[in-house]
Amino acid sequence: MSILASAEDLRARRSVATGALAPLADGLRTELEPLIVRTPEVPKEKARLSRAGEADQQFRLYFDQLWLAERMLHAALLGVLLDDRPARTLAVTVLDAYADQYLRYPNRDNVLGPSRPFFSTYLESIWLLQLVLALDLLEAGAPAAETGELGSRVRDRLVAPSAALIASYDEGMSNRQVWNNAALAAAGILLGDKTVVEHALLGASGLHAHLEHALLRDGSWYEGENYHFFAHRGLWYCVQIAEQRGYGLSQELERRFREGFAAPFRTLLPDLTYPSRRDSQYAVSIRQPRFA
């Protein structure tokens, strides 16, 4: 069983990826081709928040790191579903490079919590989650000869130290803690650490607590629409992991979670902007790709 899907689920998805959704899979695979032809180097410097002068280049690393991690998840997923060895090789190569580089990033110049590649903990959580899922998929569906000792290197040099760093900075009911929980739950499964998994799902600021106290009865995130979908994406990962590991939700929490997919749209104003509750921005329009 992988973190998000069982072996049976993966087999079913293979038939879909090569059948009804083949155009989508082919399109995503085409986007990976330039990276397969020329394997990208992982960034060697830490991303910083400052954008003044030359420091702007280090701010851009924030986007580069998240983009590359997402591409590695795509490469691992398509490599497994399409039995695409070049895609799998890309994911293996970059994951191995990250295992060598992670502890070389300095844990300093941070803004919201400790982080090595980034300047805030929650960004490292989003990044780590993608890489953990990529490794998990490779171990579930790639020949062992292709991965070799990759799993042990990535666990020891990247996943374990990154998870420990993330766990050291609990943000309570913040939307950012949702992503910390998702990363920790996934990392805990990969590391075989049940305590880490249960803390992320059942702890005082874990999944169940967020669904009960941070997601209101109508399914809206308590911090406002500006944070809702960002938090709900993280909640989705946590809910899928919880269901796979036998920590399913109560009927009420399940209802509240499902309501969250639609809750913000019920409050749209006539000009198709969201109300600026709490510290949400004023006049945020729904006419944006991120709300599609």
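1. Setting aside neighbours within four places in sequence, alanine 134 is in contact with Met72, Leu73, Ala76 and Leu95. These contacts are read from a predicted model.

2. Alanine 134 belongs to helix H5, which spans residues 121-141. With a relative accessible area of 0%, alanine 134 is buried, because the cut-off for that term is under 20%.

3. Beyond its neighbours within four places in sequence, serine 162 is in contact with Tyr102, Glu124 and Leu128.

4. Helix H12 comprises residues 251-259, and Leu253, Glu254, Arg256 and Phe257 are buried there. Why do these residues lie on the same side of H12? They cover an arc of only 165° around the axis, which puts them on the same side of the helix. The general rule is that an α-helix has 3.6 residues a turn, so residues three or four places apart point the same way.

5. The other side of H12 carries Gln251 and Arg258, which are exposed. The buried residues of H12 are covered by elements that include helix H10 (207-214) and helix H11 (225-244).

Methods. Residues numbered from 1 in each chain as written. Predicted model: local features only at pLDDT ≥ 70, side-chain atom pairs only at ≥ 80, totals over all residues. Heavy atoms only, no water. Helix = DSSP H or I, 4+ residues; strand = E, 2+ residues; numbered from the N terminus. Buried < 20%, exposed > 50% of the residue type's maximum accessible area, 1.4 Å probe, protein only. Contact = heavy atoms within 4.5 Å. Arc of directions from axis to C-beta.
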